[in-house]
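Good morning, everyone. Please have the sequence and the model open while I talk.

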Amino acid sequence: MDAPSPPSRAPAAHDAAVTVRAALGVESRGIQRLAVGHCHYVFGVTTADGREVVVRLASADSFDALAGGVYWHERLRGVGAPLARLLAADLAPSRGYPYMLLERLPGQDLALVYTSLTRVQRQ
């Protein structure tokens, strides 16, 4: 799949709100940029109806990684891997950025706590 042409500027909180509105049909009550994600712009969003979601937005440079993430998410969930539910994804939106929209699980991102886990916990 060819990468679409997202806007030339870096995604911001407004873009996460637009994505949530388009995908879920609800407004956003709170948005924060998350300090996770290897190459995507990742936002935690609280919707007006109280849901907690994660929006991963791709730039042109990170499109292939996002497309791979959507592919592997579907494959791994299909074999029972315990992953957050994928609520929506659009790799070729007519406007805006390619995205994955996931439920937000409680706790901290694994990347933030991995070094503090024991060897047994890491397995």
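This is a predicted model: local features need pLDDT of at least 70, side-chain atom pairs count only at pLDDT 80 or more; totals for chains, interfaces and linings use all residues.

Let's take the bridges in turn. In one of them, the side chains of Arg21 and Glu27 meet, at 2.9 Å from N to O. How accessible are these two? Arg21 has a relative accessibility of 37%, so it counts as partly exposed. Glu27 has 41%, so it is partly exposed as well.

The other bridge joins the side chains of Arg51 and Asp49, with 2.9 Å from N to O. Arg51 is at 34% relative accessibility and counts as partly exposed. Asp49 has a relative accessible area of 44%, and it is partly exposed too.

Now the rings. How many aromatic pairs are counted by the rule? The count comes to one aromatic pair. Its partners are Tyr71 and Trp72, and the arrangement is edge-to-face. The ring centres are 5.1 Å apart, and the planes make an angle of 85°. Why is the pair called edge-to-face? Because its planes are 85° apart, and the label applies to angles over 60 degrees. A pair of aromatic rings is described by two things: the distance of the centres and the angle of the planes.

Stay with Tyr71 for a moment. Tyr71 sits in helix H2, which covers residues 63-78.

Next, charges over rings. Which residue lies over the face of Phe43? That is Arg33, at 5.7 Å from the ring centre. Please find Tyr114 as well. Arg122 lies over the face of Tyr114, and here the distance to the ring centre is 4.6 Å.

Arg29 belongs to strand E1, residues 28-33. Its relative accessibility is 57%, so Arg29 counts as exposed. Which residues does Arg29 contact, once neighbours within four places in sequence are left aside? The list is Thr46, Thr47, Ala48 and Gly50. Look at Thr46 in particular. Arg29 and Thr46 are 17 residues apart in sequence, yet their C-alpha atoms are 5.5 Å apart in space.

On to Ser62. Ser62 is in the loop between strand E3 (52-57) and H2. Is Ser62 buried or exposed? It has 2% relative accessibility, so Ser62 counts as buried. Leaving aside neighbours within four places in sequence, Ser62 is in contact with Cys39 and His40.

Let's go back along the chain to strand E3 itself. Val54 is found in that strand. Val54 has a relative accessible area of 11% and is buried. The cut-off matters here: buried means under 20%. What does Val54 contact, beyond neighbours within four places in sequence? Its partners are Val42, Phe43, Met100, Leu101, Leu102, Glu103 and Arg104. Val54 and Leu110 are 56 residues apart along the chain, and their C-alpha atoms are separated by 14 Å.

Ala111 has its place in helix H3, residues 110-113. Is Ala111 buried or exposed? At 62% relative accessibility, Ala111 counts as exposed. Ala111 and Ser28 are 83 residues apart in sequence, and 26 Å separates their C-alpha atoms.

Let me recap. Val54 is buried, and so is Ser62. Arg29 counts as exposed, and so does Ala111.

Conventions. Residues are numbered from 1 along each chain as its sequence is written. Side-chain values use heavy atoms; hydrogens and water are left out. Rings of Phe, Tyr and Trp (its six-membered ring) pair if their centres lie within 6.5 Å; planes under 30 degrees apart count as stacked, over 60 as edge-to-face and the rest as tilted. A charge sits over a ring if NZ of Lys or CZ of Arg is within 6 Å of the ring centre and within 35 degrees of the ring normal. Helices (H or I, at least four residues) and strands (E, at least two) are DSSP runs, numbered from the N terminus. Buried means under 20% relative accessible area, exposed over 50%, partly exposed in between (1.4 Å probe, protein chains only). Contact means heavy atoms within 4.5 Å. A salt bridge is a side-chain nitrogen of Lys or Arg within 4 Å of a carboxyl oxygen of Asp or Glu.
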